[in-house]
Amino acid sequence: METTKKVIQEVESCSAHNYHPLPVVIEKGEGAWVHDVEGKKYLDMLSAYSALNQGHRHPRIIDALVEQAGKVTLTSRAFHNDKMGPFLSKLCEISGFEKALPMNTGAEAVETALKAARKWGYQKKGVEENQAEIIVCANNFHGRTISIVSFSTEEQYRMGFGPFTPGFKVIPYGDAEALEKAITRNTIAFMMEPIQGEGGVIVPEKGCLAKIREITRENNVLLIFDEIQTGFARTGKMFAFQHEAAQPDILVVGKALGGGVYPVSAMLSNTEVMEVFKPGDHGSTFGGNPLGAAVGLASIQVLLDEKLEERSETLGEYFSKRLQELNSPYVKEIRGKGLLIGVEIKAECGKARPFCERLMALGVLCKETHDQTIRFAPPLIISKDEIDWALEKISTVLQDASQNISWEE
Ligand code: PXG
């Protein structure tokens, strides 16, 4: 443990303390597995919050990265590059949109969607200047910028960061009736996650997305789905909205679009919305760069060729069923879709973090979300045998949380 301690000490002394990571120092990753600096092996059941749907260092994605790195990496949008077009047309094709605007991180893509929606509201819907309202959901997570935390309902995300951006209204998550009531003539958009990830893997009632689609359409309000965490086969469909055929007006994607290799995000929409952007309205130095575009295209291709949607659906069903069968005395509820699964620990049994720490000692990496919920979101390339291996460890921890578990080979 000497090396681990030294590395953690160094990073603690020189970095901002804006995270509280589990005490494991990873130095290598391949497929669903990572190795730490002590040579111990762990099954990655977090996948960098669904950014690693294709697994660590997928050979085809790495090949695309290396090949492109040998040609040109950055042009800026002052010039064209030969990779952005093929990448964006593939992205449009798999999502059913006409246009895409590439960015880098999730928060940037969300900001892009909010700007597009506002401008559409003024130019196309005819809302009076500076009056546009966007409705969002309680318990949301859309990123960390000032505007995005302005409409967070999580006190810690906001505390100390005001003054906030106005123009947002919050309704309960998954409540179509509340949405209908909250809409005014100034409402230009409604934004939600089809499944709340950071909020604790919260799945809305069946039919909710379709109902919300109907309400927003009837009221000429843009529907924005943030699929940064749920997109790219994570929930058993390429996008979670496809479970209900609720195609939004704007889709925000990120994370697995970069295959866990490079930050790539995008806002997708149709011409009606996207044409509000004119040269100079919006941009990013790295957005659409050829390296990211090559990686993005390869990342999509891997999802398609390896049929990761199907794997996520089948293995997700299997994993959830086996978790249910554990009948753990500590578990309040198991929920999710595909390979995005939340296991909520009963409040009287303490928080989820100690369970994650015990799982880590047994070689399974995962992370709690919202104090009470353990989130399991392995790479979608995981095998059934690997899931069975993890289930053995999970079973040990969820059957007897009191035992003192230390690392085993
Ligand atoms: N929307 C959703 C639904 C997300 O899960 C973002 C937007 C923001 O993406 P970027 O790339 O800007 O982080 C996310 C990110 C964290 C953290 O520490 C973020 C996420 C998950 C876990 C931790 O900020 N999701």
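Domain bounds, as the term is used here, come from an automatic or database domain assignment. On that basis the chain of this predicted model is divided into domain 1, which covers 4-54 + 308-399, and domain 2, which covers 59-305. The centres of domain 1 and domain 2, taken over C-alpha atoms, are separated by 26 Å, and the contact takes 27 residues from domain 1 and 29 residues from domain 2.

**The interface**

The size of an interface is often given as the accessible area lost when the parts come together. Between domain 1 and domain 2 the buried area is about 2300 Å², and carbon and sulfur atoms give 53% of this area. Of the area that domain 1 buries against domain 2, 28% is supplied by Q54, E309 and K337, more than by any other three residues.

In polar terms, the rule finds 21 residue pairs in polar contact across the interface of domain 1 and domain 2, both residues at pLDDT 80 or more, and it finds 1 salt bridge across the interface of these domains. R375 forms a salt bridge with E198, in which the closest N and O atoms are 2.6 Å apart.

On the side of domain 1 that touches domain 2, at least two residues each are supplied by α2 (47-50), α12 (308-325), β11 (331-337), β12 (340-345) and β15 (373-376); α12 gives the most, with 4 residues. The residues of this side of domain 1 divide into 11 nonpolar, 11 polar and 5 charged.

**The ligand**

Which residues are the closest to the ligand? Of the 15 residues that surround the ligand, the closest are Y19, G106, A107, D226 and Q229.

| Residue | Residue atom | Ligand atom | Distance |
|---|---|---|---|
| F141 | backbone N or O | nitrogen | 3.4 Å |
| R144 | side-chain N or O | oxygen | 3.0 Å |
| Q229 | polar side-chain atom | oxygen | 2.8 Å |

**Backbone geometry**

Most residues other than glycine have a negative phi, and most peptide bonds are trans. S76, although it is not a glycine, has a positive phi of about 70 degrees, and the place of S76 is in the loop between α3 (59-69) and α4 (84-95).

Conventions:
Residues are numbered from 1 along each chain as its sequence is written. Side-chain values use heavy atoms; hydrogens and water are left out. Contact means heavy atoms within 4.5 Å. Buried area is the accessible area (1.4 Å probe) that two parts lose on being put together, summed over both. A salt bridge is a side-chain nitrogen of Lys or Arg within 4 Å of a carboxyl oxygen of Asp or Glu. A polar contact is a pair of N or O atoms within 3.5 Å; within protein, one must be able to donate a hydrogen and the other to accept it, and residues adjacent in sequence count only if both atoms are side-chain atoms. Ala, Val, Leu, Ile, Met, Phe, Trp, Tyr, Cys and Pro count as nonpolar, Asp, Glu, Lys and Arg as charged, and the others, Gly among them, as polar. A residue is near a molecule or strand if one of its heavy atoms lies within 4 Å of it.
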